[in-house]
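Opening the notebook on a new model today.

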Amino acid sequence: MKVLVTGFEPFGGETMNPAYEAVMQLKVSLKGHVIIKKCLPVVFHESLRVLDSMIETENPDLIICVGQAGGRTQISIERVGINIDDARIADNRQQSPIDAPINPSGPAAYFSNLPIKAMSQAIGDSGIPASVSNTAGTFVCNHVLYGLMDMIAQKYPLKRGGFIHVPYAPEQVAQTPNLPSMHLSDIVKALEIAILTACTTDTDIERSEGTTC
């Protein structure tokens, strides 16, 4: 298979983005699967135009977008993208949409069509904490997840896609040690496991990844 994996440029005053750094460290081939590594801008709508162009150019079978989720303790395999932009901070073009639909004519939400529970379990079995996440936020990460699945629904029905959030890297929290972080080598390992699981799993496993609040 050919897999397009994207990270994001730094944003919010950060000088690095562990999603981009980890994606760039991925091998170009994993057990025969070709890995295409790219970077997306942290900009509403422009990120989707860039992603669509990448999909048209590379024609991947799978698309996995990766983003930073500061404060999370685990690798988060996202289940759903919702049709709303509600920015707590500005993007890298100083846009701060509030209660704005991503696609005014689109459905309220899209679910990833990757085997998210199998991916989460495989990462956890390797000793790296991981779980299915039921919210991708309302910033550019959610924007890209929703937009990707909208593209798949409208233009690329044979493709599969989804989104993974990763924690801060240790150097990002050096001055605020109470914030959780994860070594970049573990993030890279987790992404490799997630990619291989997505490439080799057609039907997701049945196990609860629900929450009570």
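**Salt bridges**

I started with K38, which forms a salt bridge with E58, the closest N and O atoms being 3.9 Å apart. For the record, a salt bridge here is a side-chain nitrogen of Lys or Arg within 4 Å of a carboxyl oxygen of Asp or Glu. K38 lies in strand 3 (residues 33-40) and E58 in helix 2 (residues 46-58), so this pair ties together parts that are 20 residues apart in sequence. Helices (H or I, at least four residues) and strands (E, at least two) are DSSP runs, numbered from the N terminus.

Before going on, a note on the source: this is a predicted model, where local features need pLDDT of at least 70 and side-chain atom pairs count only at pLDDT 80 or more, while totals for chains, interfaces and linings use all residues. Residues are numbered from 1 along each chain as its sequence is written, and side-chain values use heavy atoms, with hydrogens and water left out.

Then I looked up accessibility (buried means under 20% relative accessible area, exposed over 50%, partly exposed in between; 1.4 Å probe, protein chains only). K38 is partly exposed at 31%, and E58 counts as buried at 18%.

Next pair: R93 forms a salt bridge with E46, and their closest N and O atoms are 3.1 Å apart. This one links distant parts of the chain, with R93 in the loop between strand 6 (80-82) and strand 7 (109-111) and E46 in helix 2, 47 residues apart. R93 is exposed, with a relative accessible area of 53%, whereas E46 is buried at 18%.

I also checked R207, which forms a salt bridge with E209, the closest N and O atoms being 2.7 Å apart. R207 is partly exposed at 31%; E209 is buried at 12%.

How many salt bridges does a search of the whole structure find? Seven is the count I wrote down.

**Cysteines**

How many disulfides does a search of the whole structure find? I got zero, with a disulfide being a pair of cysteine sulfur atoms within 2.5 Å. C65 is in no disulfide, and the nearest cysteine sulfur, that of C141, is 9.2 Å away. C199 is in no disulfide either; for C199 the nearest cysteine sulfur is that of C65, 14 Å away.

Is C65 buried or exposed? I have C65 as buried, at 0% relative accessibility. C199 is buried too, with a relative accessible area of 8%.
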